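Please look over the model below before we talk it through.

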Amino acid sequence: MDKEPRSIIVSPIRTEKTESILSRGENKYYFKVAVRANKIEIKKAVEELFKVKVIKCDTIKVKGKRKRWGRRSGKRPDWKKAILTLKEGDKITIFEGA
C-alpha cells in the first residue's frame, strides 16, 4: 500500500520526556502517526521526508480517554505513536531548537 508520507506522519511529539531523551544522546524521535499505518510505511515516510536512515521503529496504540461534558459523556479518539531510532549521526531538524 503506497501512501503519501505526509498523510502517514501526523505530527512530532515534543514533551519534557522526549526532550530529555534527546538531550541524553539517545537518537530517538517520537511522532504521532496515522492509526492504520504500519512500521514499514512509517519508516519509509520518515526516511523520505527527513532524508535520514531509520534503524528501528516501535509503535504504540494509545487509547482515547473517556470524558464527560456535564451530563454528556464521550471518548477522545484513539491514536498511534511511533518511536524511531535513527542511525548514529543523523538528526531531524524540527526537534532541534525552537
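This is a predicted model: local features need pLDDT of at least 70, side-chain atom pairs count only at pLDDT 80 or more; totals for chains, interfaces and linings use all residues.

Mentor: Residues are numbered from 1 along each chain as its sequence is written, and side-chain values use heavy atoms, with hydrogens and water left out.

Trainee: How many residues does the largest nonpolar core have?

Mentor: Such a core is a set of buried Ala, Val, Leu, Ile, Met, Phe, Trp, Tyr and Cys residues joined through side-chain atoms within 4.5 Å. Ile9, Phe31, Ile42, Val46, Leu84 and Ile92 have the most contacts inside it. The size of the largest nonpolar core is 17 residues.

Trainee: Which residue in the turn of the β4 and β5 hairpin has a positive phi?

Mentor: Helices (H or I, at least four residues) and strands (E, at least two) are DSSP runs, numbered from the N terminus. Strands pair if DSSP finds at least two bridges between them; β4 (66-69) and β5 (72-75) are antiparallel, with 4 bridges. The hairpin leaves 2 residues between the strands, and the positive phi, about 65°, belongs to glycine 70.

Trainee: Why does threonine 18 count as buried?

Mentor: Buried means under 20% relative accessible area, exposed over 50%, partly exposed in between (1.4 Å probe, protein chains only). Threonine 18 lies in helix α2 (residues 16-23). Threonine 18 counts as buried because its relative accessibility is 7%.

Trainee: Which backbone nitrogen does the side chain of threonine 18 reach?

Mentor: A polar contact is a pair of N or O atoms within 3.5 Å; within protein, one must be able to donate a hydrogen and the other to accept it, and residues adjacent in sequence count only if both atoms are side-chain atoms. The side chain of threonine 18 reaches the backbone oxygen of isoleucine 13 at 3.4 Å. At 2.8 Å, the backbone nitrogen reached is that of threonine 15.
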